[in-house]
Amino acid sequence: MAQHEHVRVAVIGSGFGGLGAAVRLRREGITDFVVLERASAVGGTWRDNSYPGCACDVPSHLYSFSFAPNPDWPRTFSGQQHIRAYLEHVADTFGLRPHIRLDHEVTVMRWDNDALHWVIEAADGSTLTADAVVSATGPLSDPKLPDIPGLAAFPGKVFHSAQWDHDYDLTGKRVAVIGTGASAIQIVPEIQPKAGRLTLFQRTPPWVMPRMDRAISGAEKWLHRALPFTATARRGLLWGIRELQVGAFTKHPNQLGLVESIAKSNMARAIKDPALRAKLTPSYRIGCKRILLSNAYYPALAQPNVDVVDSGLSEVRGSTLVGSDGTETEADVIILGTGFHVTDMPIAERVVGADGITLAESWKDEMQALRGATAAGFPNWMTIIGPNTGLGNSSMILMIESQLNYMADYMRQLDVLGGRAALDARPAAVGAWNRRVQERMKRTVWNTGGCTSWYLDANGRNTTVWPGTTAEFRRATRSVDLGEYDVLRPPVTHSAAQAVTEEAAR
Ligand SMILES: Cc1cc2nc3c(=O)[nH]c(=O)nc-3n(C[C@H](O)[C@H](O)[C@H](O)COP(=O)(O)OP(=O)(O)OC[C@H]3O[C@@H](n4cnc5c(N)ncnc54)[C@H](O)[C@@H]3O)c2cc1C
């Protein structure tokens, strides 16, 4: 068999998850690892999404690593460029560059039952092997293009929000924006003043709350630099407020009525036309879909060069966009704010486990992973932001850091076992974990709120969101329970068995 470069751990992806894993591995004393990234730079989500207005919906002091505080965040909710720069800074500060291989797209990873390692192939034809894989390819990293008849033949420009064409000038153009999710509502206010005409195709209106964004003052930055505990306290406060909200999302959705009234007044302040207000008023419980934050979205929709088609886009005929209600709109450019492959992540097609089946096949009925990390039949493979680890109201960095704790203990357990060994999640343990998660899910606003959302898979099951507090998840991922795993050892070969027998006979 061909000899390949071998590493102890291969991390796939260089967003918050992959870079966080790299930092954590180094802190655990593990330096024999690589970070494989398909793009030409680190940053993940915050590298790819460079559309106008792209910013985080979680305050920066919480949406950053606890081990890499940044006293210099410019705004309470920082924009894409600053978050991207932060991740570049993390890669430099923690000495990660020598581990990172850019332009290195993983095309397939196969578990070798005999060698007890992963064989990882990349698009450039290279192969390497690794004892363990940490898959941090992100839940929102592969843009989803809608299947709209005629779209492929549209004669104008078409691009997805995550693949913004900065060379294309929107000035004076007839622009159609498809979708009203988190990206679309940030894009619309930015491009509306430039566009000749802007038509927003909406299937379901979002709930939009005011955005408490402001510049962070020089005095605050000075304080956080001089007295770092003040930044920690600020983070703690931001975290605590969000933890207190969780009960309303997961157990008592009726309590969210008050939040709905704040969102309604946010709309009423800007939208004076009752017909437009009716189009924009959601008919489901707030929180069922991700709550969006903007002070500029509704004012932009109230401008005379904007139309809202509230029946969604059903067909494209040449340069004419046909709404489901039959309305026709001429467009020069279509911007797709249509989200990502979340419950059908392409990476799952590329992971081939111990039984020779892909993770996608294993997850064909439902994505499920033990403690959001490991899957039965895929030894020594773990994912960051796996099934049911998403949040509706707080920072994903909290969940990522919990998963890094789990990863660190997983590596420690392998050390303790010694020799060549692998851990394979027991199907019963994965099933029990998933049943507990799904049982709790029944009462949540995501399942009872009367909407369909990207949190739900094709079967209507919520396989994306964590139905509890981030503190509960932290506790659940503090350490690996070996009782939930089978320990695999290399198969005993004929010659090895003979040697043992001869040794015993002597
Ligand atoms: C526009 C936008 C706004 C968001 N806002 C928020 C927010 O306000 N709050 C919040 O908590 N979360 C937000 N998120 C979610 C965000 O995705 C997570 O918070 C976090 O950034 C995910 O980090 P990650 O490292 O897991 O994934 P990503 O950042 O997506 O990184 C995955 C990396 O894996 C690489 N990759 C994928 N496949 C391969 C392959 N086959 N081979 C090699 N490399 C591969 C990708 O190129 C990418 O660099 C937002 C997401 C988007 C898209």
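Q: What is the handedness of the link of Cys-288 and Cys-451?
A: In this predicted model, a disulfide joins Cys-288 to Cys-451, with an S to S distance of 2.0 Å. The angle about the S-S bond is -90°. With that angle, the link of Cys-288 and Cys-451 is left-handed.

Q: How many residues apart in sequence are the parts that the pair Cys-288 and Cys-451 ties together?
A: The structure holds one disulfide, that of Cys-288 and Cys-451. Cys-288 lies in the loop between α8 (274-280) and β11 (292-293), while Cys-451 lies in the loop between α13 (445-448) and α14 (470-476). The pair therefore ties together parts whose separation in sequence is 163 residues.

Q: Is Cys-288 buried or exposed, and which is Cys-451?
A: Burial requires a relative accessible area under 20%. Cys-288 falls in that class, and Cys-451 does too: both are buried.

Q: What are the relative accessible areas of Cys-54 and Cys-56?
A: Cys-56 is in no disulfide, and its nearest cysteine sulfur is that of Cys-54. A residue counts as buried under 20%, and Cys-54 is buried, as is Cys-56. The relative accessible area of Cys-54 is 9%, and that of Cys-56 is 4%.

Q: What is the distance from an oxygen atom of the ligand to an N or O atom in the side chain of Tyr-63?
A: The ligand is surrounded by 36 residues, and Tyr-63 is among the closest, along with Gly-17, Glu-37, Thr-45 and Asp-57. The atom of Tyr-63 in this pair is an N or O atom of its side chain. Its distance from an oxygen atom of the ligand is 2.6 Å.

Q: How far from an oxygen atom of the ligand are the backbone atoms of Thr-45 and Met-396?
A: For Thr-45, the atom concerned is a backbone N or O, and the distance to a ligand oxygen atom is 2.7 Å. Met-396 also places a polar backbone atom by an oxygen atom of the ligand, and here the distance is 2.9 Å.

Q: What share of the area that the ligand exposes alone does the protein bury?
A: Taken alone, the ligand exposes 990 Å². Of the residues around it, by class, 15 are nonpolar, 14 polar and seven charged.

Q: How many residues apart in sequence are the parts tied together by Asp-415 and Arg-8?
A: The side chains of Asp-415 and Arg-8 meet in a salt bridge, at 3.0 Å from N to O. Asp-415 lies in helix α11 (residues 396-417) and Arg-8 in strand β1 (residues 5-12). The pair therefore ties together parts with a sequence separation of 407 residues.

Q: Which residue forms a salt bridge with Arg-38?
A: Arg-38 counts as partly exposed, at 38% relative accessibility. The closest N and O atoms of its salt bridge are 3.1 Å apart. Arg-38 is in the loop between β2 (33-36) and α2, and its partner is in the loop between β6 (127-135) and β7 (157-160), 104 residues apart. That partner is Asp-142.

Q: What are the relative accessibilities of Arg-285 and Glu-260?
A: Arg-285 and Glu-260 meet through their side chains in a salt bridge, 2.9 Å from N to O. Arg-285 lies in the loop between α8 and β11 and Glu-260 in helix α7 (residues 257-270), so the pair ties together parts 25 residues apart in sequence. Arg-285 counts as partly exposed, at 22%, whereas Glu-260 is buried, at 12%.

Q: Which residues do salt bridges that share partners join into one network?
A: A search of the whole structure finds 29 salt bridges. Some share partners and form one network, whose members are Arg-24, Glu-28, Asp-409 and Arg-412.

Technical notes. Residues numbered from 1 in each chain as written. Predicted model: local features only at pLDDT ≥ 70, side-chain atom pairs only at ≥ 80, totals over all residues. Heavy atoms only, no water. Disulfide = S-S within 2.5 Å. Helix = DSSP H or I, 4+ residues; strand = E, 2+ residues; numbered from the N terminus. Buried < 20%, exposed > 50% of the residue type's maximum accessible area, 1.4 Å probe, protein only. Near = heavy atom within 4 Å. Polar contact = N/O pair within 3.5 Å; in protein donor to acceptor, adjacent residues only side chain to side chain. Areas by Shrake-Rupley, 256 points an atom, 1.4 Å probe, with all protein chains shown as cover. Nonpolar A, V, L, I, M, F, W, Y, C, P; charged D, E, K, R; others polar. Salt bridge = Lys/Arg side-chain N within 4 Å of Asp/Glu carboxyl O.
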